[in-house]
Amino acid sequence: MAQLFVHTLNMSITGIYVILFVIVARMLFRKVPKIYSYALWSVVWFRLVCPISFESVFSLIPAQAQSVPLNMIYPQTPQMQSEITGLEDQAVNQMMPASAPLTSPVANLSSTPTNIWFEIGQYLWLFGIALLIAYSMVTTIRLHRKLKNASPVYENVYEKSGITTPFVFGVLRPKIYLPVGLHDQERAYIIKHEQVHIKRLDHIIKPFAFAVLCIHWFNPFAWVAFFLMSDDMEKSCDESVIRQLGSGIKKDYSTSLLSLSTGKRYIGGSPLAFGKSNTKGRIINILHYKKPAFWVVIVAVIAVAALCVGLISNPRKADLTVKDYAEQYVDQRITDFKNVKIVDRKITKFERIAEFDKLLSTPLEIWALEYRLKPDDPNKLILAEGMTDGLITEEGSMGKPMLIFSYENSSPQYLGVIRSGENDMTTKSGQEMALRVFLEGNGQLPHETYRGNHILVKFPLSTGETSQLLLSQPVVQGDSGIWCVERWKDTNGNEYYNTPQTEIAIADYYARLQTQAAQGEAATLLEPLQVALQYINKDLGQHVSSDELVADDDASAKDFAITPESTLLGYVQNLSMDHDSFDFDKVEWLTLKDSARFKNLNINPDVDMPGGFYILNKDTYTDPLKVTGETKYLLLDPESGETNHTKIVSKQTFIEHFEQYPESGALCTITSKDGYVTSIAEKYLP
């Protein structure tokens, strides 16, 4: 929906330029028949409803007219964030070059005030459309009911008492409705006028224009265009009647309009019915109307045609080179420095490091950029990194900027930037995965690397949280196809890609493995659970046994998108009504079946486990966790007669219940998902 809203904003901005041009042209055409200015409004509605057009050197639209690019709303580079706690540093360091986390555009959308307002604007826009459509439907239905007992005059002409102005109503079979008591001469003029409307399909054009107005209701220029178009529509119909019946009817025709005038302007309501408005202006136009000379018609037709081409077409874009885009990128970086003036700049390196032809329908390239900026006073800078010999660079922990380009008809199109420090850019596979993360984050690739069979495997981390893998068959589907870990996700919703450690393209790498499997080698790659276990234990540095894996053989990429829920046992500390966060001291619940570990832990079951259990608390630190307004709080319910039965209580009641406990906190079972605690339940101690 965000893309649709952005396209609508861009069309509305372009429409403002077109409306202003038409208004100026309308003023210049004031002595020309109104049919020509009426025709120009079709260009307005085209620009307000069609997001694309052809390019022309004759375009009258400014190059900056469409000034709401999607990449200003959606961050182009997914952020490298890992909120996994407890993974050994060595395991994380081994894993990160092979994996890249994806932060979805939807998540990023709510991260800045600008994007929050943008999201609010989307819903306000939809609400306004729904309100206008609902109002129009209600008024149309009411009018339809009111006209049911209208008296037929002849053909599609009807009379109805209670109406004060004639109008056309209907789309497929339009009818003309007249007030009761019109003189024969008045009736003839009015019927002729309404017949011109129907012949020109105005009964379809105006509802269409109103529908476009509903989409652009927030644009005041669209409302102005609608009313001025309606005025030109009526005046051009008046002129058509005079041309057909002769200039001698001007006085009588004007008198008829004056007698039928209600002094009201039609503002919305039913878009399927439209009456008369601006009676004074129409009468003046009728009295001053003269049949134009032939040369005036020719000039008007040429002028309208030229304006239509100029307003419908888009300006031709300058053929920028990749170097031009690099210069623009540096210019943008310069504008980011508010407290210091950049007195010199230089691009020191700009080279293509990779190209790919199969990710999108158009070729893609990655270009590495290095530059230096010289500030007038380095002491004014507040930089955590990126200074070399007094010059500003962009080579800190995030790495160097890598510009992404696609090519259409040999012309480069700038897509965005990624950072070398966030991705493994030293191998072909790392570069390819960095591009995939970028393109998925922008919605240009589906959230699925390999289509076909998938298996979802859930497993516990050493810290107790639940994570999950998505396994796919990258080459051959079915029993003879190898399996690979496509990506994995932790309980906080962070998603990581698996990048094969190879110097060749990923597709070629898996093709080689598939060939080896077909020859009887690498047989374990045909067993998805073995592939999962190998990845968890070796690549992630976790120690998991096969019986701890929970597999879903019929999973899809959509199933993987659902964040896994984790259940942990520990002591809840510092939970209060004033804060959303609390401290959690994780523990492990041991029973007699864990006897193999007792010796290493110096546990004597006969002495230390009188109740048949042992609470192992080997960590000396606590984890900060957060609750929300949706978090559930559960206490044991002794009145139920069941030892483990719980009941839902308020947060206040939950806190008051545990005030009796010592500072070590209350032993509870918590469930968490997407970085928040969904429930806290009191643990039963036998």
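Q: How many aromatic pairs does a search of the whole structure find?
A: The search finds 18 aromatic pairs. Rings of Phe, Tyr and Trp (its six-membered ring) pair if their centres lie within 6.5 Å; planes under 30 degrees apart count as stacked, over 60 as edge-to-face and the rest as tilted. This is a predicted model, in which local features need pLDDT of at least 70 and side-chain atom pairs count only at pLDDT 80 or more, while totals for chains, interfaces and linings use all residues. Residues are numbered from 1 along each chain as its sequence is written, and side-chain values use heavy atoms, with hydrogens and water left out.

Q: What makes the rings of Phe-226 and Phe-227 a pair, and why is it called edge-to-face?
A: Their centres are 5.9 Å apart, which is within 6.5 Å. Their planes are at 70°, over 60, so the pair is edge-to-face.

Q: Why is Phe-226 called buried?
A: Buried means under 20% relative accessible area, exposed over 50%, and partly exposed in between (1.4 Å probe, protein chains only). Phe-226 has 2% relative accessibility, so Phe-226 counts as buried.

Q: What does the pair of Tyr-633 and Phe-654 tie together?
A: Tyr-633 lies in strand S24 (residues 623–636) and Phe-654 in helix H20 (residues 651–657), so the pair ties together parts that are 21 residues apart in sequence. Helices (H or I, at least four residues) and strands (E, at least two) are DSSP runs, numbered from the N terminus.

Q: Which residues do ring pairs link into a cluster with Phe-226 and Phe-227?
A: Phe-210 and Trp-223 belong to this cluster.

Q: How do you know that the charged end of Lys-683 sits over the ring of Trp-589?
A: A charge sits over a ring if NZ of Lys or CZ of Arg is within 6 Å of the ring centre and within 35 degrees of the ring normal. The charged end of Lys-683 is 4.5 Å from the centre of the Trp-589 ring and is listed as sitting over it.

Q: Why is Cys-484 called buried?
A: Cys-484 has 3% relative accessibility, under 20%, so Cys-484 counts as buried.
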